[in-house]
Amino acid sequence: MSRLLPLFAFVLLAALLGFGIWWNSAHDPTAVPSPLINKPAPSFALPMLDQPTKTVSKDTLLGKPYLVNVFASWCFACGEEHPVLMAESRSLGVPLIGYDYKDDANDAKAWLAQHGNPYDMVITDVSGHTAIDFGVYGAPETFLIDGKGVVRYKRIGPLTPEVIAQQLKPAIEALQKDAP
Amino acid sequence: MHPEMVKLLRTAVLLMLVAFAGIAAAQAIDPLPFRDHAEELRFQHLTSELRCLVCQDENLADSNADFARDLRHKVFELMQQGKSDAEIKQYLVDRYSEFVLYDPPVNHRTWLLWFGPLLILLAGGAVVAYTIRKRSLAGTLAASAPTDNGDDW
């Protein structure tokens, strides 16, 4: 029995190592779970990209669920995500609001003109102050907010067709079932 | 090489080093209007305990990321509003989860992290104690019965 002890210890360590490898490949170690899920979204009032004198606030958007997609013209991963949004935004069934994060308005307009505009509305946060309230730490990020203004889902990193089909669409459907 | 040349070169190298050091220092330190040195020390201490989420192995104090600068300014702003260190940390935890704290708090989800090493030490100690006891027992047996087959390790 005691002869098997080292083997047993080795198998245990190997299992621990294997678990670590599996865990790290199954989870994005840099994704920080948002503490905002199922909590009211922070209140905000941000100017629109094409009409900087008009502001959009959380109250204006209450009543129907919507998506907030944090992007910026300087953000490389947003460029990867953009074609996916162009292809899928109409099929989501909820308005898609672009959240232009720490960006120059002209750069953002040029970027949208060049790559296409999948958004129903674009709001701008030049200073990034409101983004801190949302717990944003890197674009792209996407929030699903329900009609009562509660955050129901958050994606950190680009939306992909797989993420949309497996996570985002079920989350939207669950919302539409909740609200008659 | 001519001694004058060497002197000149040495001066040039020194000047360059000073210039680079100046640039590096200017990048790492924000020109924040601290009231006094104590407030600056408090700020340095607080930001060194908070994680930069973009570059996750760096703290807020050391990070040059644009995002880290924004959060440093937020911390400074909250300090100006008279918030305590605990309140400032809670403010960030509410938005960025406990991951933003470099020292994970002791709670039901982190007890394995905090006390796991102690458990492993105890388990190791138990194995060592068991082995020693068995060996000393085998030793006394071997002394009484000299038929040791040499199989014991």
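A salt bridge is taken here as a side-chain nitrogen of Lys or Arg lying within 4 Å of a carboxyl oxygen of Asp or Glu. The structure is a predicted model, in which local features need pLDDT of at least 70 and side-chain atom pairs count only at pLDDT 80 or more, while totals for chains, interfaces and linings use all residues. Residues are numbered from 1 along each chain as its sequence is written, chains are lettered from A and ligands numbered from 1 in the order in which they are written, and side-chain values use heavy atoms, with hydrogens and water left out.

A network of salt bridges links A:Lys102, B:Asp66, B:Arg69 and B:Asp70. Within this group, B:Arg69 pairs with B:Asp66, their closest N and O atoms being 3.3 Å apart. Both residues belong to helix 3 of chain B (residues 66–80), where they are 3 residues apart, about one turn of the helix; helices (H or I, at least four residues) and strands (E, at least two) are DSSP runs, numbered from the N terminus. With a relative accessible area of 34%, B:Arg69 is partly exposed, and B:Asp66 also counts as partly exposed, at 40%. For these assignments, buried means under 20% relative accessible area, exposed means over 50%, and partly exposed covers the range in between, with a 1.4 Å probe and protein chains only.

Over all chains, a search of the whole structure finds 13 salt bridges. One of them joins A:Glu141 to A:Lys154, with the closest N and O atoms 2.9 Å apart. Because A:Glu141 lies in strand 6 (residues 141–145) and A:Lys154 in strand 7 (residues 151–156) of chain A, this pair ties together parts that are 13 residues apart in sequence. Both A:Glu141 and A:Lys154 are buried. In chain B, a salt bridge is also formed between the side chains of B:Arg35 and B:Glu39, at 2.8 Å from N to O; here B:Arg35 is exposed, with a relative accessible area of 66%, whereas B:Glu39 is buried, with a value of 7%. In general, side chains of opposite charge can pair when their charged atoms come close.

Cysteine residues were examined as well. A search of the whole structure finds 1 disulfide over all chains, a disulfide being a pair of cysteine sulfur atoms within 2.5 Å. This bond joins A:Cys75 to A:Cys78, with an S to S distance of 2.2 Å. The torsion about the S-S bond of A:Cys75 and A:Cys78 is about 90 degrees, and the disulfide is therefore right-handed. Both A:Cys75 and A:Cys78 are buried. In chain B, B:Cys52 is buried, with a relative accessible area of 0%.
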